[in-house]
Amino acid sequence: METYCAPVEHTFAPVCDRASRILILGTFPSVTSRDNAFYYGHPQNRFWKVMAGVTGEAVPDTIEEKTALLLSHGIALWDVIRSCRINGSSDSSIRDVVPNDMDRVLAASPIVRIYGNGDKACRLYERYCQGQTGLPITRLPSTSPANAAFTLERLVECWRRILEER
């Protein structure tokens with residue numbers, strides 16, 4: 001039986017601006033991302049390498065570089081969950097979900113497409129947010145190291161659609 005502690009809050013803002021047309025949603029920040037106060041902070045997560053491959057840019061290192069990479073290509077980034085009970089960083093352990101208010105991004109950005117980083121992000125969005133937004137979500141393969149079936153090259157190939165479908 002798993003033991004859960006108090007709910008954990010998502011403490012950092014979405015990345016978006018008035019030019020963001022694409023929204024990528026994850027589930028909830030990993031322990032490392034929460035410690036770093038920014039998205040996909042675990043060095044084994046391939047998100048930033050995938051973004052670099054998709055955009056043809058260098059892999060960003062700093063929060064400022066990561067933010068600039070996304071915004072320069074019209075990409076917004078956020079998570080479906082505002083708070084939950086979670087064991088470590090395991091998406092499969094997520095319980096007691098409180099979703100983020102998607103209007104926060106949709107009011108600030110002319111989003112035309114929403115993509116989910118993995119199946120869990122899509123399922124959570126469909127359950128908690130799609131009724132509010134009225135926008136469908138497109139599943140992309142997870143950039144998590146747990147998704148070992150996908151090489152970096154295959155991930156980049158699948159994720160290219162985010163810029164092709166703007």
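## A tour of helix contacts and strand pairing

Start by selecting helix α2 and helix α7. In α2, Phe-47, Lys-49, Val-50, Met-51, Gly-53 and Val-54 touch Leu-152, Leu-155, Val-156 and Trp-159 of α7; contact means heavy atoms within 4.5 Å. By class, the residues of this contact are 8 nonpolar, 1 polar and 1 charged. Ala, Val, Leu, Ile, Met, Phe, Trp, Tyr, Cys and Pro count as nonpolar, Asp, Glu, Lys and Arg as charged, and the others, Gly among them, as polar.

A word on the model before moving on. It is predicted: local features need pLDDT of at least 70, side-chain atom pairs count only at pLDDT 80 or more, and totals for chains, interfaces and linings use all residues. Residues are numbered from 1 along each chain as its sequence is written, and side-chain values use heavy atoms, with hydrogens and water left out.

**Stop 1: α2 against α7**

Keep residues 47–55 (α2) and 152–159 (α7) on screen. Their axes come within 9 Å and cross at roughly 60°. Axes are lines fitted to C-alpha atoms, for helices over the stretch in contact, and angles run from 0 to 180 degrees between N-to-C directions. Helices (H or I, at least four residues) and strands (E, at least two) are DSSP runs, numbered from the N terminus. α2 and α7 are therefore oblique to each other. Angles under 35 degrees count as roughly parallel, over 145 as roughly antiparallel, 65 to 115 as roughly perpendicular and the rest as oblique. The crossing of α2 and α7 is right-handed: the near helix is turned clockwise from the far one by less than a right angle.

**Stop 2: α2 against α3**

The axes of α2 and α3 come within 11 Å and cross at roughly 40°. This pair is therefore oblique too. Here the crossing is left-handed, with the near helix turned anticlockwise. Show Trp-48, Met-51, Ala-52 and Thr-55 of α2; they meet Lys-66, Leu-69 and Leu-70 of α3. This contact has 5 nonpolar, 1 polar and 1 charged residues.

**Stop 3: the parallel sheet**

Switch to the strands. Find the open sheet of 4 strands, ordered β3-β2-β6-β7 and paired in parallel. Strands pair if DSSP finds at least two bridges between them. At the edges lie β3 (75–79) and β7 (137–140), each pairing on one side only. Neighbouring strands of this sheet are turned by 30° against each other on average, direction ignored.

Walk across it:

- β2 (residues 22–26) joins β3 over 5 bridges; Gly-26 stands opposite Asp-79.
- β2 also joins β6, over 4 bridges; look for Leu-25 opposite Gly-116.
- β6 and β7 share 4 bridges; the partner of Ile-114 is Ile-137.

Then colour β6 by accessibility. In β6, 4 of the 5 residues are buried, so this strand is largely enclosed by the rest of the structure. Buried means under 20% relative accessible area, exposed over 50%, partly exposed in between (1.4 Å probe, protein chains only).

**Stop 4: the antiparallel pairs**

Finish at β4, residues 81–85. β1 (residues 8–9) pairs with β4 in the antiparallel sense over 2 bridges. Select Glu-9 and find its bridge partner, Ser-83. β4 is also joined to β5 (residues 95–99) by 3 bridges, again antiparallel. There, Ile-81 stands opposite Pro-99.
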